[in-house]
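Have the structure open as you read.

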Amino acid sequence: MAALYRSQGRYSEAIPLLQQALAMYKRLFPDDHPRVALSLNNLAGLYSSQGNYSEAVAFLKRGTDVEEAVLSRNLVTGSEQQKRAYLETFSGSTNYPISLHLQNIPNNQDAANLALTTILRRKGRVLDVLGNSLRQLQANSDSQTKALFQELSQVQNQLSQLVYNPSPQSNRQVIQDLETKATNLEAELMNRSAEFRQQVKPVNIADVQKVIPDNAILLEFIQYQPVNPKTNESGSPRYAVYLLRSSGEVQWADLGEAEVIDQKIDRARNVFKEVEETIASTPRFALPQVLAENLAQSYTPAAQELYQQILAPISEMIEESEHLLIAPDSSLNLIPFAGLIDSQNRYLLETHRITYLTSGRDLLRFQLPDGKTERSLLFANPTYSSPGQSTIQLTSSQTRGSNQRSGDLDTLEFGALPGTATEGSAIAQLFPQMQVLTEEAATENALKSSENSRILHIATHGAVTSDQ
């Protein structure tokens, strides 16, 4: 009924009904149930429709906090496909805080904080969970800690089955007892494992700021869909970036329609590829002149166009920061940020040091002791085939349909990469303890048997098919 009133613009009549629905859900379900989050988010949307943005932000923050608890519980087990599918059900509530901020109240700092917090919690979440699964944590623990992990996993599975039962109220006492038990187990595990503590603790802006170096700034890029609060309809995807320093307020910029930016990225990548192919086919004696001509005529204009679209809107915000912590999103992952050229014809690498992240959340994990040794391992210039055999170029005609796997490339032959031997030698000089494997020693078996290396560098061919 509230949804009907909202669609008619009868907001004052819809609000009491949504408040009643929230109260009912909280009686029927635990406080961290998806339906409680849904009801809170519905109220946020309704207040936004009214233009009451302070209430909208407050309810949306409560709703996303509940969803964070739900995600923490349900991304612990299951396959990668199941985790991706489950996270996708939260895509609407991931977009909405960003859209509310950038499209409706772009100068509201609370809305900016909520948007960035949501991005830090959601972006790359499945990769994060897979990289820090309970199974891996258990594998690196002592027997007593492993037993606690096992017990917690069993309790969480029981909780999920009961909480998401169509009639959870009949199991209210059992749920409360299991939640208490899970809380106690988590507390004990947090005392034993810093990595577990970091994994289960909800990410917040203040914690991320604490680990950003003073001379650095985080650039958290995101592709989002604008949402019309009155009609709840989604618009065309756009790119935005949120900026965060070790202190101070969150900054941001909306960069424009994703389709326009993606087209520019595709054009630039084609130019970069053509320049690379031209240089590769140029005799060494003619290389300086050909390189200069291609950079001036092709590469530089394309790199400058991308800079103007993606970094020029925030150039004043980042100019004082020596170190850029860049977390791209979507097609922005395909951009060589270091090679973008500003209006003064300088490569970004000339003016800033660059570190790439999946999300600013990565910075929290970097603070943990990883248990790895100082051993470093480098593979370069592998022997792919017997002498005299030429490189075979992989083209679309050699693919075998949409189900082609990397194993299907085993029958192809690739030429030597002597340049990577030089690369490996240069890198090894920086790390005296690094073990370097080249030619016949740089084998697949050697790679698969390598464990616990702090640095693993692989210089090899890449085979990419255009239809994959």
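Is tyrosine 25 buried, partly exposed or exposed? Keep in mind that you are looking at a predicted model. Tyrosine 25 has a relative accessibility of 25%, so it counts as partly exposed, since buried would require a value under 20%. Phenylalanine 29, by contrast, has a relative accessible area of 5%, and that makes it buried.

Now for the rings themselves. Searching the whole structure turns up six aromatic pairs. One of them joins tyrosine 25 and phenylalanine 29, with 6.0 Å from centre to centre and 50 degrees between the planes, a tilted arrangement. Elsewhere, Phe221, Phe337 and Tyr356 are linked into a cluster by ring pairs.

Next, please find the two helices. Two packed helices are described by the angle between their axes and the distance between the axes. Helix α6 spans residues 91–104 and helix α7 spans residues 109–122; their axes come within 8 Å and cross at roughly 150 degrees. Angles over 145 degrees count as roughly antiparallel, and therefore α6 and α7 are roughly antiparallel to each other. Their crossing is left-handed.

Which residues of α6 and α7 meet? On the α6 side you will find Ser93, Thr94, Pro97, Ile98 and His101. Facing them from α7 are Ala111, Ala112, Leu114, Ala115, Thr118, Ile119 and Arg122. Sorted by class, this contact of α6 with α7 holds seven nonpolar, four polar and one charged residues.

Note on methods. Residues numbered from 1 in each chain as written. Predicted model: local features only at pLDDT ≥ 70, side-chain atom pairs only at ≥ 80, totals over all residues. Heavy atoms only, no water. Phe/Tyr/Trp six-rings, centres within 6.5 Å; stacked < 30°, edge-to-face > 60°. Buried < 20%, exposed > 50% of the residue type's maximum accessible area, 1.4 Å probe, protein only. Axes fitted to C-alpha atoms, helices over the stretch in contact; angles between N-to-C directions. Helix = DSSP H or I, 4+ residues; strand = E, 2+ residues; numbered from the N terminus. Parallel < 35°, antiparallel > 145°, perpendicular 65-115°, else oblique. Left-handed = near helix turned anticlockwise from the far one by under 90°. Contact = heavy atoms within 4.5 Å. Nonpolar A, V, L, I, M, F, W, Y, C, P; charged D, E, K, R; others polar.
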